[in-house]
Amino acid sequence: MTVQDIRAFNRFYTNVIGALDYSRRLYAPYTLTESRVLYELAHSPRTDAADLRTELSLDAGYLSRILNKFEQDGLIERTTSHRDPRRRRVTLTARGRETAALLAERADESVGALLATVPSADRPRLSEAMRTVRTLLSDGRPPHRREDVLLREPGPGDLGWIVARNAALYAAEYGFNADYEALVARIVADFAEDHDPHLERVWIAELDGRPVGCVMCVRDEAPATARLRLLLVEPEARGLGIGDRLVSAVVDFARGVGYRDLVLWTNDVLTAALRVYQRHGFVLAAEKAHRSFGRDLNGQDWRLDLTGTRE
C-alpha cells in the first residue's frame with residue numbers, strides 16, 4: 001500500500017459520506033466539524049473547552065469560533081469549571097440537546113440509506129473491514145479506548161435491550177432467576193409509559209455502534225430525591241471506565257435539575273458496582289438480608305448528598 005492508495009480512499013470516502021457538503025446533506029446550518037463538536041457535547045457527561053480541543057485535535061481559535069456560534073444560537077452555556085476555575089465548562093441547553101438529537105437522527109437516516117445499498121450477506125465483511133482499519137491505524141493502542149465509548153439517550157429497541165441484558169448477565173454472573181427479569185421489565189415499562197424527561201433520564205453507553213452499558217435516573221418517592229437504577233456494563237467492555245461515566249452522568253444530571261439526594265438499592269454481591277458508588281461519594285445507609293431472585297442476598301441502601309461540595 002502506498003500513500004496515494006490511502007489518499008485515494010480518503011477522497012472516495014469523504015465523497016460517500018458527504019463530508020464536503022455535510023450541512024446540505026443533513027439539512028442543517030452546521031458543518032461536519034460543528035456537528036462533531038455538538039455530538040461530543042451531547043455524549044460527554046463533563047466537557048470543557050480544553051477537553052474538546054484535546055479530543056478533537058482542534059485549534060483553540062477555531063473551537064472558540066464554533067462555541068461562540070453555538071452560544072449565539074442558544075445551543076450551549078459556558079460556566080466556570082468546578083474542577084478547575086481556570087477552565088470553562090460547556091453544557092448544552094435544552095435547545096442544544098434537541099438540535100443534537102435532530103442531527104443524530106438525520107445522520108442515522110443518511111448512514112442507514114448508505115447501508116441499505118450493501119447486501120445483507122456482505123455486511124459482516126464490511127463491519128470486519130472497518131474494525132481492521134481502526135485496529136491497524138490505532139498506532140499500537142488497544143482498539144478500544146475510553147474515548148471510544150459514547151453516552152447517548154436510548155433509541156428504538158434500547159429499553160428492550162436493557163431488560164434482556166440485565167436478565168442474561170445477572171443469571172450468568174449471580175445466578176438470579178426470572179424474578180429479576182420481571183423486576184427489570186417493570187422498572188423499564190414504568191419509565192417508558194410515564195416519565196418526566198426534565199427530571200428522569202436513561203443513558204446508553206455505546207461502543208462500535210452497539211450498546212454496552214446503561215443506567216437510569218428516576219424520581220424517588222421521597223421529596224427532592226432521585227434514584228439511580230439498573231447500572232450495567234457488558235463484560236467485554238469493562239475496564240474502560242464506563243461504570244464511572246454512567247454514574248457521573250446520573251450524579252451531574254440529578255444535581256443539575258435540583259435534586260437534593262440521590263439514592264440506590266443494590267446487593268453486596270455486586271462488588272464492582274459498589275466500588276464505583278463509593279468512588280462517587282455514596283455512603284451506606286442501611287442493609288438487610290432477604291430472599292430474592294432465587295438467592296439469599298444482603299440488600300443495601302446507599303445515599304449521596306447532592307447539596308455538598310461538587311467535584
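These legends accompany close-up views of a predicted model.

View A. Take a moment to find phenylalanine 9, which sits in helix H1 (residues 3-16). Phenylalanine 9 is partly exposed, at 48% relative accessibility.

**View B. Helices H3 and H6 packed together.** Helix H3 (residues 32-43) meets helix H6 (residues 94-115) at an angle of about 115°, and their axes are 10 Å apart. From H3, the contact draws on Ser35, Leu38 and Ala42, while H6 brings Thr99, Ala100 and Leu103. The two helices cross in a left-handed manner.

View C. Arginine 36 is partly exposed, with a relative accessible area of 39%, whereas glutamate 40 is buried at 6%.

**View D. The pair of arginine 125 and aspartate 122.** This salt bridge has its closest N and O atoms 3.4 Å apart. Arginine 125 is exposed, with a relative accessible area of 60%, and aspartate 122 is partly exposed at 29%.

View E. Aspartate 244 and arginine 279 meet through their side chains at 2.8 Å, N to O. This pair links distant parts of the chain, 35 residues apart: aspartate 244 belongs to helix H10 (residues 242-256) and arginine 279 to helix H11 (residues 271-279). Aspartate 244 is partly exposed, at 23% relative accessibility.

**View F. A network of salt bridges.** Our last stop shows Arg152, Asp158 and Glu206 linked in a salt-bridge network. The whole structure holds 16 salt bridges.

Technical notes
Residues numbered from 1 in each chain as written. Predicted model: local features only at pLDDT ≥ 70, side-chain atom pairs only at ≥ 80, totals over all residues. Heavy atoms only, no water. Helix = DSSP H or I, 4+ residues; strand = E, 2+ residues; numbered from the N terminus. Buried < 20%, exposed > 50% of the residue type's maximum accessible area, 1.4 Å probe, protein only. Axes fitted to C-alpha atoms, helices over the stretch in contact; angles between N-to-C directions. Left-handed = near helix turned anticlockwise from the far one by under 90°. Contact = heavy atoms within 4.5 Å. Salt bridge = Lys/Arg side-chain N within 4 Å of Asp/Glu carboxyl O.
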